Amino acid sequence: MQNEQQMFWGYRRPDGKVGVRNHVLILPTITCATQAAHQITQLVHGTVSFIHQHGCTQVGDDYEQTFRTYLGIGLNPNVYGVVVLGLGCETHQAKSVAEEIAKSGKPVEVVSIQENGGTLQTIANGAKIAAKMVQDASAVMREQFPVSELIIGTECGGSDACSGLSANPAVGHVSDLIVEAGGTAILAETTELIGAEHLLANRAADDKTVERVYEVIKQAEGRALMMGVDIRTGNPTPGNIEGGLSSLEEKSLGASTKSGTSPLQELVDYAEIPTKKGLVWMDTPGQDIEQLTGMVAGGAQVVLFTTGRGTPTGSPIAPVIKISTNTPMFESMNDNMDVNAGTIIDGKETVQTVGQFIFDEIKSVSSGKLTKSEILKQHDFGIWRIGPTF
């Protein structure tokens, strides 16, 4: 019998995965369709969508990565069903995305603006399909599942001098607890691990992963050097500097503590679904929204987001638990913050006690408790672009 303290209430999907939310997603595969998708969400309660600038005139690896991201967002277990909304003439065809998502057994429908004769008919038809899907979704009941079913994304943004002392180590403790329970924790932000890569390479489970660690770091530095910037010795973010961080390497040493102490099982590409349980590194940029999107497309049902400067960032389909690194910011931005790790700096709590609190909060959120970003409908979305647009 499972330990009740290691359980949460979620939704079993046809492919066997478990969601912590039960969304119907209106997925626009082209920027031209985002406004129509938004209008559908305004009409139909229980649907979510997002605004983006992707989906057309993309080629090669850039095309594949965007396609993989669309697919991963639709496949995320927090999504009950998907209405894939396209224009009709774009590079990323709605039908192709829908066909791949449908292999999971989820309800999927395609709506095309051109085939429907324009925006108004598309909104009307899309809303009808979505309304039926939402009603079907509402009949699905939560069941109890072990924490081992969870993939937890970890992220830091708007960091300060407290990040590596309070919130990030506390999240590292959570990562260890998740891994110990049989789940998966994703470490991201490759550019913000530059200078700390050796620490993760030393914990790699095999030689292939060691090679990948140094490979993605070299690639990240190479992209910056191509623009004439040596990011290892500097810090490109004014907010981080004002928050007390002197260099990217100093930030990286703090950011890497989100990984805890578990062995690094594998290193996956952006928006790629992990193949192994345990600690996983996803190769993402440092931009908050792009890395958040990548982890959610990789299957993360919940994301832990630490911040010292403060940020409202959230996701349209995954609850994001915002964790402040210091008490003054937690109090000034309480509308956006869920957990205060500043109590560690204040000397009132330890990394372990705050980490345990966050772990318990994950189970509550996974069972239905709303985060601040969800309540405020902070539906941010952006895909890491890696190639030219023609």
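## Where domain 1 meets domain 2

In this predicted model, 14 residues of domain 1 are in contact with 14 residues of domain 2. The domain assignment of the protein chain places domain 1 at 23-139 and domain 2 at 146-376.

## Where domain 1 meets domain 2

In this predicted model, 14 residues of domain 1 are in contact with 14 residues of domain 2. The domain assignment of the protein chain gives 23-139 as domain 1 and 146-376 as domain 2. Here is a friendly tour of the interface, topic by topic.

**Layout and buried area**

- The C-alpha centres of the two domains are 29 Å apart.
- The size of an interface is often expressed as the accessible area lost when the parts come together.
- Here, domain 1 and domain 2 bury about 1100 Å² between them, and 62% of that area is on carbon and sulfur atoms.
- On the domain 1 side, R68, N76 and N78 provide 37% of the area buried against domain 2, more than any other three residues.

- Between domain 1 and domain 2, five residue pairs are in polar contact, counting pairs with both residues at pLDDT 80 or more.
- For salt bridges across this interface, the rule finds zero.

**What the domain 1 side is made of**

- Strand 3 (23-28) and helix 2 (60-75) each contribute at least two residues to the side of domain 1 that touches domain 2.
- Helix 2 gives the largest share of that side, with five residues.
- Sorted by class, the side of domain 1 that touches domain 2 holds six nonpolar, seven polar and one charged residues.

Key:
Residues numbered from 1 in each chain as written. Predicted model: local features only at pLDDT ≥ 70, side-chain atom pairs only at ≥ 80, totals over all residues. Heavy atoms only, no water. Domains from an automatic or database assignment. Contact = heavy atoms within 4.5 Å. Buried area = accessible area lost by both parts, 1.4 Å probe. Salt bridge = Lys/Arg side-chain N within 4 Å of Asp/Glu carboxyl O. Polar contact = N/O pair within 3.5 Å; in protein donor to acceptor, adjacent residues only side chain to side chain. Helix = DSSP H or I, 4+ residues; strand = E, 2+ residues; numbered from the N terminus. Nonpolar A, V, L, I, M, F, W, Y, C, P; charged D, E, K, R; others polar.
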